[in-house]
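Let's go through this model together, one feature at a time. Have the sequence and the 3D view open as we talk.

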Amino acid sequence: MTQDELKALVGQAALQYVTPGDIVGVGTGSTVNKFIEALASIRDQIPGAVSSSEASTARLKALGIAVFEANAVGELSVYIDGADEIDARGHMVKGGGAALTREKIVAAQSRRFVCIADESKLVRTLGAFPLPVEVIPMATARLVRQFAALGGLAQVRIRDGSPLITDNGQHILDVTGLQINDPLSFESEVNQWPGVVTVGVFAHQKASVCLLGTPEGVKTLTF
């Protein structure tokens, strides 16, 4: 099966975690796009969604699914999103789509995080994928130095020749060269650095379940 077919497989499988009558938390990215397509098939059974990005909001609305502001609703029963990496404990690296801050906000608002991914995303140790960190631009040079002190190389993410601007008006640093052996401690530490909006380690908001697309079908990991 192609990677695209594996994404469609887990996107469809995630529907079983959607409770009819409940608003659904929806993430961002190519795998989530497959889930949004699947969600459209049961749109009459749910009031709508809370979205983690402008891109997902546009896609949801285009398919006739209402989108609510996070502040307008209470706790969500489930948040469904992808991951750039996930380990055997449900800790993740996220932010390849530059939506990590809003993703973490909606994840924190939800009782359960269901991660949907293909099997290439399952890793022993987080860090091979460049770690996204949303930052306030005036802190960039100092944060590059702080990551260097940890052995990481941080670079501003560029799009069309200029720094990428997130939905929150900030920049992204992508950090390579790290091995994140203690995701909880690492997330807590980096989030305290002045100028960091959000680090793309999801350990405090880890996955409860991962639906992993494999050539043999969907494998369910529970954490």
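Q: Which residue stands opposite Val-93 in strand 14?

A: Val-93 faces Val-201 there. Helices (H or I, at least four residues) and strands (E, at least two) are DSSP runs, numbered from the N terminus. Two strands pair if DSSP finds at least two bridges between them. Here, strand 6 (residues 92-93) and strand 14 are joined by two bridges and run antiparallel. The model is predicted: local features need pLDDT of at least 70, side-chain atom pairs count only at pLDDT 80 or more, and totals for chains, interfaces and linings use all residues. Residues are numbered from 1 along each chain as its sequence is written, and side-chain values use heavy atoms, with hydrogens and water left out.

Q: In what order do the strands of that open sheet come?

A: The order is 5-6-14, three strands with antiparallel pairing. Strand 5 (85-86) and strand 14 (201-202) are the edge strands, each pairing on one side only.

Q: How many residues of strand 15 are buried?

A: Let's start with the general idea. Buried means under 20% relative accessible area, exposed over 50%, and partly exposed in between (1.4 Å probe, protein chains only). In a regular strand the side chains alternate between the two faces of the sheet. In strand 15 (residues 209-214), six of six residues are buried. Val-209, Leu-211 and Gly-213 lie on one side, with Cys-210, Leu-212 and Thr-214 on the other, and both faces are covered.

Q: Which strands pair with strand 15, and in what sense?

A: Strand 7 pairs with strand 15 in the parallel sense, over five bridges. Within that pairing, Ala-117 has Leu-212 as its bridge partner. Strand 16 (residues 217-222) runs antiparallel to strand 15, and six bridges join them. Leu-211 is bridged to Thr-220 in strand 16, while Leu-212 is bridged to Lys-219. Strands 15 and 16 form a hairpin, with two residues between them.

Q: How do I read a helix, and which residues of helix 2 are buried?

A: An α-helix has 3.6 residues a turn, so residues three or four places apart point the same way. In helix 2 (residues 30-39), eight of the ten residues are buried. They are Thr-31, Val-32, Asn-33, Lys-34, Phe-35, Ile-36, Ala-38 and Leu-39.

Q: What covers the buried residues of helix 2?

A: Contact means heavy atoms within 4.5 Å. The cover includes helix 1 (3-13) and helix 3 (54-62), along with strand 1 (24-26), strand 4 (79-81) and strand 7 (113-118).

Q: Which phi value does Ala-98 have, and where is Ala-98 found?

A: Its phi is positive, about 70°, although Ala-98 is not a glycine. Ala-98 is found in the loop between strand 6 and helix 4 (100-108). With a relative accessible area of 11%, Ala-98 is buried.

Q: Is Asp-160 buried or exposed?

A: Asp-160 counts as exposed, at 78% relative accessibility. This residue also has a positive phi, near 55°, and is not a glycine. Look for Asp-160 in the loop between strand 10 (158-159) and strand 11 (162-163).

Q: What is Gln-170 in contact with?

A: Leaving aside neighbours within four places in sequence, the contacts of Gln-170 are Glu-134, Val-135, Ile-136, Pro-137, Leu-164, Ile-165 and Val-197. Gln-170 is found in the loop between strand 11 and strand 12 (171-176), and is buried, with a relative accessible area of 18%.

Q: Stepping back, how many helices and strands are there, and what is the radius of gyration?

A: The protein has six helices and 16 strands. The radius of gyration is taken over C-alpha atoms, and the globule rule is 2.2 Å times the number of residues to the power 0.38. For 223 residues, a compact globule would be near 17 Å, and the protein has 17 Å, which agrees. Along the principal axes, the C-alpha atoms fill a box of roughly 50 × 35 × 30 Å. Of the 223 residues, 53% count as buried.

Q: How much of the contact total comes from residues 24 or more positions apart?

A: Such pairs account for 72% of the contacts with a separation of 6 or more.
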